[in-house]
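The following report concerns one protein model.

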Amino acid sequence: MNNIILFDGECNFCDHSVQFIIKRDKNAVYKFTSLQSEIGQEIKRKYEVPEHIDSIILVKDDKCYFKSAAALRISKHLSGGWKFLYVLSIIPKPIRDYFYDILAKNRYKWFGKKDSCMLPSPEIRKRFL
């Protein structure tokens, strides 16, 4: 398992984030699965992700990253200027995660929840586990 992004499948913001990544991941580096799926749950168990973590998770090089660390590592492989966001990694993780947690805590309130899953095209569907 490598280059897998786990996301909250019920969150509108998370869904838009996945779409954003897909459009800018020109080399199709990343595969996707929701945190709620069987595969997502299996990955969380394998990497011993604490139960309270319901944010974006990245599995890369057999390591698991979450919250701001995941988002910044993902940005490294996106086209355009997005890869330069990785420079924010110099900010101490507790500070980065503090701001990340504010967004994560309010994501349903600010962006809402989904009633149904998106139906990706066949090309994009291959990137979902």
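## Strand pairing

Lys60 stands opposite Lys63 in β4. Strand β3 (residues 57-60) and strand β4 (residues 63-66) pair in the antiparallel sense over four bridges; strands are DSSP runs (E, at least two residues) numbered from the N terminus, and pairing requires at least two DSSP bridges. Two residues separate β3 and β4 in this hairpin, and Asp61 in the turn has a positive phi of about 50°.

## Basis of the model

This is a predicted model, in which local features need pLDDT of at least 70 and side-chain atom pairs pLDDT 80 or more, whereas totals for chains, interfaces and linings use all residues. Residues are numbered from 1 along each chain as its sequence is written, and side-chain values use heavy atoms, without hydrogens and water.

## Aromatic and charge–ring contacts

The structure holds five aromatic pairs (ring centres within 6.5 Å, with the six-membered ring used for Trp; planes under 30 degrees apart are stacked, over 60 edge-to-face, the rest tilted). The Tyr98 and Phe99 rings have centres 5.1 Å apart and planes at 85°, so the pair is edge-to-face. Phe7, Phe32 and Phe128 form one aromatic cluster.

The charged end of Arg24 sits over the ring of Phe20, 3.7 Å from its centre (NZ of Lys or CZ of Arg within 6 Å of the centre and within 35 degrees of the ring normal). Arg107 lies over the face of Tyr108, 5.0 Å from the ring centre.
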